[in-house]
There are 2 protein chains.
Amino acid sequence: MPTLIHHPLCPHSRFIRLILNEYGVETRLIEERASERRPEFLRLNPAGRTPVLIDDDGLVVAGASVIAEYIDETRGAAAGSGRLMPLDLAERVETRRLVEWFNVKFFDEVSNWLVNEKVYKRYASAENGGGAPDMDVVRVARANVKPHMRYVGYLTGIRKWLAGDRLSYADFAAAAHISCADYLGDAPWDEDESAKHWYQRVKSRPAFRPLLADRAPGMTPGRYYAELDF
Amino acid sequence: MPTLIHHPLCPHSRFIRLILNEYGVETRLIEERASERRPEFLRLNPAGRTPVLIDDDGLVVAGASVIAEYIDETRGAAAGSGRLMPLDLAERVETRRLVEWFNVKFFDEVSNWLVNEKVYKRYASAENGGGAPDMDVVRVARANVKPHMRYVGYLTGIRKWLAGDRLSYADFAAAAHISCADYLGDAPWDEDESAKHWYQRVKSRPAFRPLLADRAPGMTPGRYYAELDF
């Protein structure tokens, strides 16, 4: 059984968990607080970030985008018509563009700040930057999330799913990052109807269920976090 | 002929130019100052960043990692043994991990700050954040670059090239980002001998020549920037 080193509120880890769940790959989950920079963890991923996948043969695959490509190359073909990375060249470009959009841009502007201020700082000691969330930072992240919601709404208004006619990595990357904001009560669902309906559809998939059961110690999720009708 | 929308000192653009040069793909280069956020450019890449490739059939491919995968899928096989993305699964994982390392981590910690402070701020109007470089930021970037140099030195001390026995995307991603620091006089070549020798080897490739001829208006490159023996 492969092992995924992750954190329940790390959006990049959630992206990979959604893919593994959708493909029905049973996985051992090990929780890691990357900010503690444990030497054993840094040996697996010198970049010091979750997620890290250790496959059955012992191969260590570090980083969300790298793991996603690796899963496609090892498990994608077996998924048949449910493959999450399209085979058409232009659709691959669009899927990867949107995966990058959420894993890099949305993370830089929204999810990194929210999770760092509201979750990781709670665990860290004072000398490691721990403490109460800086609400100025949280407010900037809350403002930044709105144009992203409208962009999701725009795309899902002209397409069935985020990158085209079929569910793809793009939907799971977007939903993974947005779900962290949602857990923390910072997903503005009144911003865009189409974005909300798209999220309801992604959230209804069985692959999402284990994420809705996640609880970070000492942090109750937002009121509608686990509800499919919100 | 494909078109690449780039900036001469955008490290992500340099990564793609090196790949295209190495593969001998003649490309029309169009310079873009992404920070000006021209509507025509944002229509091509809503993320607002260089590089953007427009292929012969009109397909728009935005973002360095997306373009690199696309070039591999369209031109990689024709390169035969000179293919820059390995075919072996574990080598693909290692190559992508290091591409990500430089395109995301090195960029976040070093090249983004240096290029932003020393290059982009020079073009921008005062109301758009233009002005003299903030030397506190530059000093942090100069401190951050050192462990990266030692990591390159460590890897190239145990391997022929950065990701393994053969030249790969990883070498070009690393060299692209480091070459921007070098242009700006901020590559600490006394930090690690092995890193320096590796860079000399990458820099000696014909693919690198056009980049060594680049000149950003009003900015003379560091003294040894274009010299193969430095």
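Colleague: Where is Arg37(A) found in the chain?

Modeller: In this predicted model, Arg37(A) sits in the loop between S2 and H2 of chain A.

Colleague: And what about its phi angle?

Modeller: The phi of Arg37(A) is positive, at about 50°, although this residue is not a glycine.

Colleague: Is Arg37(A) buried, exposed or partly exposed?

Modeller: Arg37(A) has a relative accessibility of 48%, and therefore counts as partly exposed.

Colleague: What does chain B have at Arg37(B)?

Modeller: Arg37(B) is not a glycine either, and yet has a positive phi of about 50°. Arg37(B) is placed in the loop between S2 and H2 of chain B, and with 48% relative accessibility it counts as partly exposed.

Colleague: What holds paired strands together in general?

Modeller: Strands of a sheet pair through backbone hydrogen bonds, and the pairing can be parallel or antiparallel.

Colleague: Which residues of S1(A) are buried on each side?

Modeller: Thr3(A) and Ile5(A) are buried on one side, while Leu4(A) and His6(A) are buried on the other, and both faces of strand S1 (residues 3–6) of chain A are covered.

Colleague: How is the sheet in chain B arranged?

Modeller: Chain B has an open sheet of four strands with the order S2-S1-S3-S4 and mixed pairing. Its edges are strand S2 (28–31) and strand S4 (60–62) of chain B, and each has a single partner strand, so one side of each is left without a neighbour in the sheet. Strand S3 (residues 52–54) of chain B and S4(B) pair in the antiparallel sense over three bridges, with Val52(B) opposite Ala62(B) in S4(B).

Colleague: Which helix packs on that sheet?

Modeller: Helix H1 (residues 11–22) of chain B packs on the sheet and touches strand S1 (3–6), S2 and S3 of chain B, with its direction at about 155° to that of S1(B). Helix H3 (residues 64–76) of chain B lies across S3 and S4 of chain B, and runs at about 130° to S4(B).

Colleague: Now for contacts between the chains: how do H3(A) and H4(B) cross?

Modeller: The axes of H3(A) and helix H4 (residues 89–123) of chain B come within 9 Å and cross at roughly 160°, which means that H3(A) is roughly antiparallel to H4(B). This crossing of H3(A) and H4(B) is right-handed. The residues of H3(A) that meet H4(B) include Ser65(A), Val66(A) and Glu69(A), and those they meet in H4(B) include Leu89(B), Arg92(B) and Val93(B).

Colleague: Staying with H3(A), is Gly76(A) buried or exposed?

Modeller: Gly76(A) is found in helix H3 (residues 64–76) of chain A, and counts as buried because its relative accessibility is 0%. Leaving out residues up to four places away in sequence, Gly76(A) touches Tyr23(A), Ile71(A) and Arg83(A).

Colleague: Last topic, which residues does UniProt list for "domain: GST N-terminal"?

Modeller: The unreviewed UniProt entry lists residues 1–79 of chain A under that name, and over this stretch the chain is 39% helix and 18% strand. The annotation "domain: GST C-terminal", also from an unreviewed UniProt entry, covers residues 88–228 of chain A, where the chain is 63% helix and 0% strand.

How values were computed:
Residues numbered from 1 in each chain as written. Chains lettered and ligands numbered in written order. Predicted model: local features only at pLDDT ≥ 70, side-chain atom pairs only at ≥ 80, totals over all residues. Heavy atoms only, no water. Pairing = 2+ DSSP bridges. Helix = DSSP H or I, 4+ residues; strand = E, 2+ residues; numbered from the N terminus. Contact = heavy atoms within 4.5 Å. Axes fitted to C-alpha atoms, helices over the stretch in contact; angles between N-to-C directions. Buried < 20%, exposed > 50% of the residue type's maximum accessible area, 1.4 Å probe, protein only. UniProt positions renumbered as here; feature names shortened; annotations may be inferred. Parallel < 35°, antiparallel > 145°, perpendicular 65-115°, else oblique. Left-handed = near helix turned anticlockwise from the far one by under 90°.
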